[in-house]
Amino acid sequence: MATTSPPGMQAAALHGVNVEFSEKGRGQPLLFLHPGHGNWGDHAFLDALAADYRVIAPVAPWFGKEAGPPLFSSVQDLAYLYLDLIEHLGLDNVVLAGSSFGGWIAAEMAVKSCQRLAALALLAPVGIKTGGRNVRDVIDVFGVPDKEWQERAFADPSLRFELKMLDDTGLFIRVRAKEALARYAWTPYMHNPKLRGRLHRISCPTLVIAGGKDGILRSGYPRDFADAIPGARYEEISGAGHFPHIEQPAQTAGLVQSFVHQAGEGAQRAPVRERV
Amino acid sequence: MTMRVYHFSEQPYPEVWTQPSLRITIPNALCRPEEAHKLYHRYIDEWKLADELGFDIMVNEHHSTATCLTASANLILAILARETKKARMLVLGVPLSNRADPVRIAEEMSMIDVISGGRLEMGFVKGVPYEIGPANSNPTRMMERLWEAHDLIIQAMTTHDGPFNFEGEFFHHRTVNIWPRPMQQPHPPVWITTASASNAREIGGRGIVMGSFMGGFGETKKLHHAYAEGWQKAGRGGEVPVDRFGYLAMCAVADTEAEARRRADLIADYLRTNGQVADPFNKPPTYFPTEAMIRSIRSPNPKAFRTLLTPKGKPVELSTATLDEFIECGVVFAGTPDQVYDQIVDFTDSIGGLGHLLLMQQGGHLNAEETRDSLTLFGTKVLPRLQARTDSKLLFAA
């Protein structure tokens, strides 16, 4: 099914599912998966990365203007879709990065196969349960007013705004993103109970970045996440809330770049991993 | 065909209605069990009186709220199945989209139908937006879940040769075989509520009874037309029997107009408290269309609940309306028995006929004495006249 893509966007038809993505830069491919509010605010980060990488940033089905596949209802659907996208585009040696909800998708992809991945960068990811059953690892984003969500999400007050200040397109995307997030992450809330037990399968170098002033995640949750992945490195950006890539785009991109660079050098020294 | 009239109460717990949120977040430390005990027995007695007066009865359920102590409609129905004798017993309804196990619902409703001697009217609802939180049900795809649950319940009630297999998209059972089966054959009448034209067309296509709540003259007629479109498209004929339509309004009667209006004003607090919901549980994602959510975010009055038009075209916001405006819209019937009779006949004739009039005759702070007096006046002076009407319409012509 051919659809017209918005300016700057490309589309791929993957087994009947239409995926839109932006692409900029050249070099090693980097796939960036947006958080639960959609791709709002990620431009500076993607531009910084595009200096070194071929940055591909898809918009998950149901997050855009068009209706998505009716049966898509779980993060698994998105993980398989993006693995298909990597194959479809013939990408190899991919840096896979995701923020929050996008980090969950990235982790689900990596436990399925790291075959085409060079490195994994998870920015304040959700997706596993580490606190007790009466503990909220992730605040109920569907149960707090937007004002509170913004206060918890952004350390910098100037990034907070009233939703009605958005133009019609921006507001539409924002509301649609909340709807899409409910479709994928309502229950079990923001996690897959099976994922934590599968994280040992992640065999590529992994970086977990936390925001030092993240009010969305339980304090200590991103470190728990890093600890559950073999050999993962943990970094904290003190001047960021839940979205380091939005609040500190240059610093966050720099961390990713240097990590991938070091990982690449390490991979050259280490015996070549057999690829099936 | 005689119009049936139902007595409905949400079993409110009004002594704490000054709280900023009456739903979801209101702590149950504010509930005194001794007071709730008295209220339950009082409301059951009012339904018993309604039964004796010739009314049918209606119940519903809500959760985590001081507006409604009926946390399980089926539980109160089970009591009323034994406590009442003649009334049709309508639940409107069981929130199908929020329930994990439709087979359990089929079992409970069959029990109620059998205990009551075949008096159950089996209503299913999507549930109001603020039920999503307490149920933790996914607000996306609610109508699809509702219809799949509906199909499973009907199949469970109408399959009599042992277990069957049901592996749908949402519900999975390998051995469905309910005991008892319902007394009414093939199953108790099914109702579904809606406020949207697209759902009304779907309900009409299935020929199910459609309940609509407080839409007044204009909205109700629109829904009935949409139902008729679905009905006709499914090849059910040109005209719809009016017993396919139920409409819920509020009602108070007294010997004097002034006293009736005072009573109606107390019941109308039910609508005025509708905005007392902790944000954002009143607007879960996908419950309302994306465009409606955007309008609400841009609205200067985000607490607005529902705006109706009077027959003269004046807009009335239900969360802040005056009693006169409620009456003008056809959302409240209030006055002496003669006045209420005239208001109801005017309304039902204007919308093209009505089979089931659902009346909230107890609400908010209306006390037992006032409720019983109002019910008795309606039951003795209005109900017989409505039932004796021979000029009312039997078929709704679209």
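Tutor: In this structure, helices (H or I, at least four residues) and strands (E, at least two) are DSSP runs, numbered from the N terminus. The model is predicted.

Student: In which loop is the place of B:S64?
Tutor: B:S64 has a positive phi near 50° and is a residue other than glycine. Most residues other than glycine have a negative phi. The place of B:S64 in chain B is the loop between β2 (56-59) and α2 (73-83).

Student: Does B:S64 count as buried, partly exposed or exposed, and why?
Tutor: Buried means under 20% relative accessible area and exposed means over 50%, with partly exposed in between. The relative accessibility of B:S64 is 39%, so B:S64 counts as partly exposed.

Student: Where is A:N93 found in chain A?
Tutor: A:N93 is not a glycine, yet its phi is positive, about 55°. At 36% relative accessibility, A:N93 counts as partly exposed. Its location in chain A is the loop between α2 (75-88) and β5 (94-99).

Student: How many helices and strands are there in chain B?
Tutor: Chain B has 398 residues, of which 57% count as buried. Its secondary structure comes to 13 helices and 15 strands.

Student: What radius of gyration does chain B have, and what does it agree with?
Tutor: The C-alpha atoms of chain B fill a box of roughly 60 × 50 × 45 Å along the principal axes. A compact globule with 398 residues would have a radius of gyration near 21 Å, and the value for chain B agrees with this, at 20 Å.

Student: Among contacts in chain B between residues at least 6 apart in sequence, what share joins residues at least 24 apart?
Tutor: Contact means heavy atoms within 4.5 Å. Of the chain B contacts between residues at least 6 apart, the share that joins residues at least 24 apart is 74%.

Student: What area do chain B and chain A bury between them?
Tutor: Chain A brings 21 residues to the contact and chain B brings 20 residues. Carbon and sulfur atoms hold 62% of the buried area, and the area is about 1700 Å².

Student: Which three residues supply more than any other three of the area that chain B buries against chain A?
Tutor: The three together supply 31% of the area that chain B buries against chain A, and they are B:T290, B:I297 and B:R298.
One of them also has a charged partner across the contact: the side chain of B:R298 meets that of A:D168 in a salt bridge, 2.8 Å from N to O. The three names asked for are B:T290, B:I297 and B:R298.

Student: Which helix of chain B gives the most to the side that touches chain A?
Tutor: The count between chain B and chain A is one salt bridge, and there are seven residue pairs in polar contact. The helix that gives the most to the chain B side has six residues there and is α10 (residues 290-298).

Student: Which residues of chain A does B:T140 touch?
Tutor: B:T140 is in the loop between α4 (132-135) and α5 (142-158) of chain B, and at 6% relative accessibility it counts as buried. Its side chain makes a polar contact with the side chain of B:N138 (2.6 Å). Not counting residues up to four places away in sequence, B:T140 touches B:R145 and B:T286 in chain B, and in chain A it touches A:E179, A:A182 and A:R183.

Student: Why does the salt bridge of B:D151 and B:R206 tie together parts apart in sequence, and how many residues apart are they?
Tutor: The side chains of B:D151 and B:R206 meet at 3.3 Å, N to O. B:D151 lies in helix α5 of chain B and B:R206 in helix α6 (residues 197-206), so the parts tied together are apart in sequence by 55 residues.

Definitions and conventions. Residues numbered from 1 in each chain as written. Chains lettered and ligands numbered in written order. Predicted model: local features only at pLDDT ≥ 70, side-chain atom pairs only at ≥ 80, totals over all residues. Heavy atoms only, no water. Buried area = accessible area lost by both parts, 1.4 Å probe. Salt bridge = Lys/Arg side-chain N within 4 Å of Asp/Glu carboxyl O. Polar contact = N/O pair within 3.5 Å; in protein donor to acceptor, adjacent residues only side chain to side chain. Rg over C-alpha atoms; globule rule 2.2 N^0.38 Å. Buried < 20%, exposed > 50% of the residue type's maximum accessible area, 1.4 Å probe, protein only.
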